[in-house]
Amino acid sequence: MIAKLKSLKNHQGFMKYFKNTSWLFGEKILRMIVGLFVGIWVARYLGPEQFGLFSYAQSFVGLFTAIATLGLDGIVIRELVKDASRRDELIGTAFWLKVMGAFGVLIILAIAVNFTSNDTFTNSLVFIIASATIFQSFNVIDFYFQSKVLSRFVVFANIISLLISSIVKIALILNDAPLIAFAYVIVFDSFVLACGFIYFYIKNNSTFKIQHLKFKREIAVSLLKDSWPLILSSIVVSVYMRIDQVMIKELLDNEAVGQYAAAVRLSEVWYFIPMVIASSLFPSIVNAKKHSKELYFRRLQKLYDLMVWMAIAIAVPMTFLSDWIVEFLYGEQYNQAGSVLMLHIWAGVFVFIGVAFSQYLVAEN
C-alpha cells in the first residue's frame, strides 16, 4: 500500500488532477461551512415566512436560468481540451451566447410572471435576482481554467466573492435590513465573482487582448448544434429541482416554502461533491477516450462507484439525525423541516449518479 502511494505521488498526471481536485474541494468545503453558517443566520433572521418568499423568488428564477447557460459548459471545456489554440474564439463566442441567453431569461420572466398570483414586491425580488445571470456570463473563464486543470484560480475568485458576500449579509442582519436588500446581494455577489474571473484570466494570459474575444457565427452554430440536447436536459433538471418550492407557494403559503427550503438547503449542500469530482476529472476522461477505450471505460466505472458510495455515506446518517440537525441549526421555528430532510436527502444518490453520467454523455457528444 505504501509503495503504491509513493508511486502515485511520483505520477505526474495523478498529482496534477489530485491537486486540482484538492483546490476545488477546499473551496467548496469552505463555501459549505461559511455559506451554511451565514445562510442559517439569514434564515433565522428572516423567519419562515420571509425566508420562504426569498426562496420562492430564487426558485422561480431558477426555473429559467438553465436557458442562460445554453448547455455550453461541458461542450466548451471539451473543445478547449481538444484544441487549445482556439481558446479566444471559443471563449468569446460562448460569452456572447451566454449574454444573449441571460437577456432571453429576463424577457421570458417578464412574460411568465403574468401567469402567477405574485404581488408587485415578489415580482421585484424575482427580477433583481434574475439580473445576476448577466454577470454569470463571465463564468466562461472558468471553462478555460477547468480545461487546463488550473482550478486554483477559480477557487481564488470564488473565495474572494464568498467572503465579501458573507460580510455584506452579516452587516445587513446586524443593521435590520429589509428582505429586498438580500436580493441585491445576489447580484453583487455575481458582479464580484465576474471581476475575479476577469482579473485572474488576464493575469495568467500575457498574450490576452480583449479584441480577440469575438463572436464567430460558425462556432456559435457548432456549439449550439452539440449543446441543444443539454439545453433541454438542463431545463428539465431545473424544473425538477425548483418546481417544488414554486408549487408549495401557489398551493400553500410562504411559511410552508420556508420550512421546505430550510430542509432542502441542508440536503443540497452536499451536491458540490459530485460537481467538484466530475469537473476536475472530466479532462482526464476526455484524454483517456483519445488514447484507450479500455482506460476510458475503466475511469468512468471508477467515477460511478465513487459517486454512489459517497452519496449513500451521506444519506444514512442524515436520515437518522434529521430532526436534531434542523432543530440545532434553525431552531424551533423550523420544526417541520426535519421530516422533509429525512426523505429529500436520498435524492442525492440519483443526483450523484446523474452528474457522473452527464460526463459520459458530453464525452460521447
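Mentor: Before we start, buried means under 20% relative accessible area, exposed means over 50%, and partly exposed lies in between, with a 1.4 Å probe and protein chains only. This is a predicted model, in which local features need pLDDT of at least 70 and side-chain atom pairs count only at pLDDT 80 or more, while totals for chains, interfaces and linings use all residues. Residues are numbered from 1 along each chain as its sequence is written, and side-chain values use heavy atoms, with hydrogens and water left out.

Trainee: What percentage of the residues of the protein count as buried?

Mentor: The secondary structure consists of 16 helices and zero strands, where helices (H or I, at least four residues) and strands (E, at least two) are DSSP runs numbered from the N terminus. Across the 365 residues of this protein, the buried share is 48%.

Trainee: Is D176 buried or exposed?

Mentor: D176 lies in the loop between α9 (152–174) and α10 (179–203), and it has a positive phi of about 55° although it is not a glycine. Most residues other than glycine have a negative phi. Because its relative accessibility is 59%, D176 counts as exposed.
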